[in-house]
Amino acid sequence: MRMYQEKVRHHTGEIQDLRGSMNQLIAKLQEMEAMSDEQKMAQKIMKMIHGDYIEKPDFALKSIGASIDFEHTSATYNHDKARSYWNWIRLWNYAQPPDVILEAGSRPNVTPGNCWAFAGDRGQVTIRLAQKVYLSNLTLQHIPKTISLSGSLDTAPKDFVIYGMESPPREEVFLGAFQFQPENTIQMFPLQNQPPRGFAAVKVKISSNWGNPRFTCLYRVRVHGSVTPPRDSHLGPLS
């Protein structure tokens, strides 16, 4: 009987130790799960900073074949005053070509000065899409004020109009008029007019900026839609 009681006490101790180990393991698993949630949140924040949270196909990506139609795009602002402006805020490259707005990667390089600039507050850019697309949205992106070396967002575009284009002939179809609010950094604009047809190119025509009299900057333009007619393709031109 004594031997039996000793064995019971021994096994009871082992069970208690096992329970303690299990509790420690559960605590560690919960800690790891919490860390995983924090990491997911950190990744989400980083994606928001870099603009990757827009989970829509971008048909204006240079890497998949989109390009700039220079014939229907404003000239790049390449003036001595621009040189002095960018040098003043210590930027080494002040005159980027228009197709910089079509570039992206795992971490899009939306940094101060890595933009395309045109003279004044009125200009346009025409993007040949990677393929003919039934258009639905357009996204504009600008740097946040927190990293603007000049402390201002006055070079950001303000009022603009979007046109769908055929090639050839170059028929322009009005798709909507919008206003970009630079405080939001990244804004997606649902097109006001979504005709049941695909377009080979998109024109973004800017009529004002947020106050800079010398030039306007575009950092990133994304064009969204589908290669097949959407289910709500009954939407036609605005009356």
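Read along the sequence, the protein chain follows the pattern α-β-α-β-β-β-β-β-β-β-β. That comes to two helices and nine strands, where helices (H or I, at least four residues) and strands (E, at least two) are DSSP runs numbered from the N terminus. Please note that this is a predicted model, in which local features need pLDDT of at least 70 and side-chain atom pairs count only at pLDDT 80 or more, while totals for chains, interfaces and linings use all residues. Residues are numbered from 1 along each chain as its sequence is written, and side-chain values use heavy atoms, with hydrogens and water left out.

Let me turn to the interior. Of the 239 residues in the protein chain, 40% are buried; buried means under 20% relative accessible area, exposed over 50%, and partly exposed in between, with a 1.4 Å probe and protein chains only.

Which residues touch the most other members of the largest nonpolar core? They are Ile101, Ile127, Leu135, Leu138 and Phe160, in a core of 32 residues. A nonpolar core is a set of buried Ala, Val, Leu, Ile, Met, Phe, Trp, Tyr and Cys residues joined through side-chain atoms within 4.5 Å. Strands S2, S3, S4, S5, S7 and S9 each supply at least two residues of this core, and its largest share, seven residues, comes from S3. Leaving aside neighbours within four places in sequence, leucine 138 is in contact (heavy atoms within 4.5 Å) with residues including Phe160, Ile162, Val202 and Val223. A second, separate core of seven residues includes Tyr77, Cys115, Phe215 and Tyr219.

Next, the cysteines. How many disulfides does the count come to? The count is zero, a disulfide being a pair of cysteine sulfur atoms within 2.5 Å. Cysteine 115 is in no disulfide, and the nearest cysteine sulfur, that of cysteine 217, is 3.2 Å away. Cysteine 115 is buried at 2% relative accessible area, and cysteine 217 is buried at 0%.

Finally, I draw your attention to serine 208. This residue lies in the loop between strand S7 (199-206) and strand S8 (215-218). Is serine 208 buried or exposed? Serine 208 is buried, with a relative accessible area of 12%. Its side chain makes a polar contact with the side chain of aspartate 159, at 2.8 Å. A polar contact is a pair of N or O atoms within 3.5 Å; within protein, one must be able to donate a hydrogen and the other to accept it, and residues adjacent in sequence count only if both atoms are side-chain atoms.
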